[in-house]
Amino acid sequence: MTNIKVIAFDADDTLWVNEPYFREAEEKFCALLEDYLPMHSVANELFKTEIRNLPLYGYGIKGFMLSMIETILEVTEGTASLEMISKAIQYGKEQLNKPIELLDGIEQVLETLKGNYRLVVATKGDLLDQERKLQKSGLEKYFHHIEIMSDKQEKDYLKLLKHLDCRPENFLMIGNSLKSDVLPVLQIGGTAIHVPFHTTWAHEEIEHNVEHENFTPVQTITDILPLLNETPF
């Protein structure tokens, strides 16, 4: 990785905890509708609604809230009470107000890398929510650029690289999603490191192993430092 000049980090479940909060809200939501369907069936209906709505709402908590409301109306066939709708909105607002819990080792890694590379955040999600989380995290000072993307496909990364005036061979992406943080970056000629998180949204899962000369899986975020010939202090 001697050619790397720009290192981009995913945010949710790479810098800080995120997905467990969605699962917590989903569990409460499914319990809300258990008089109509078993909880696993409610979860399936919610997931289908979320995927259907992605082109309209994009990624993030606000889209999740709207999908919860739509799922309530579908599952109850329009008979849901206003209290039930209010509960779904409450679950979403609770998520928006969750504290920021940094993942182990992330600040040590950023402190070690700053000054030697241009560090970037490249994340999907709702603009206001991601800006809020970044500000509350205290990590904003480490980053040269923040890119909140509507999606993470090849064209989105190419647009980011053009903005950064960075060639693909000089770009490294680090994240917890093989689908969003690894595969499209490899396709455009960049380098990717996968740092797994214990919980992954089903939409981000892939069913095949990734094998590529520019791909490296690690177990923890601090494992990237030896790969970059960096020693933490």
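1. Helices here are DSSP runs of H or I with at least four residues, numbered from the N terminus, and the structure they are assigned on is a predicted model. Helix H6, residues 127-137, gives the most to the lining of the second largest cavity, contributing three residues.

2. That second largest cavity holds about 80 Å³ of space, and the count of cavities of 30 Å³ or more comes to three.

3. In helix H5, residues 106-113, the buried positions are Ile 106, Val 109, Leu 110, Thr 112 and Leu 113. Seen down the axis of H5, these buried residues fall within an arc of 160°, so they line one face of the helix. An α-helix has 3.6 residues a turn, so residues three or four places apart point the same way. Among the elements that cover the buried residues of H5 are strand S1 (6-9), strand S2 (118-124) and helix H9 (224-227), while Gly 115, which follows H5, has a positive phi near 90°.

4. Two residues deserve a look at their backbone angles, given that most residues other than glycine have a negative phi. Glu 77, in the loop between helix H3 (61-75) and helix H4 (82-96), has a positive phi near 55°, and Glu 77 is exposed, with a relative accessible area of 72%.

5. Asp 165, although not a glycine, has a positive phi of about 55°; Asp 165 sits in the loop between helix H7 (154-164) and strand S4 (171-175) and counts as exposed at 70% relative accessibility.

Key: Residues numbered from 1 in each chain as written. Predicted model: local features only at pLDDT ≥ 70, side-chain atom pairs only at ≥ 80, totals over all residues. Heavy atoms only, no water. Buried < 20%, exposed > 50% of the residue type's maximum accessible area, 1.4 Å probe, protein only. Helix = DSSP H or I, 4+ residues; strand = E, 2+ residues; numbered from the N terminus. Arc of directions from axis to C-beta. Contact = heavy atoms within 4.5 Å. 1 Å grid on protein atoms, 1.4 Å probe; cavity = no way out; pocket = protein on both sides within 12 Å on 5 of 7 lines; lining within 4 Å. Points joined across faces, edges and corners; volume = space filled by probe spheres on them.
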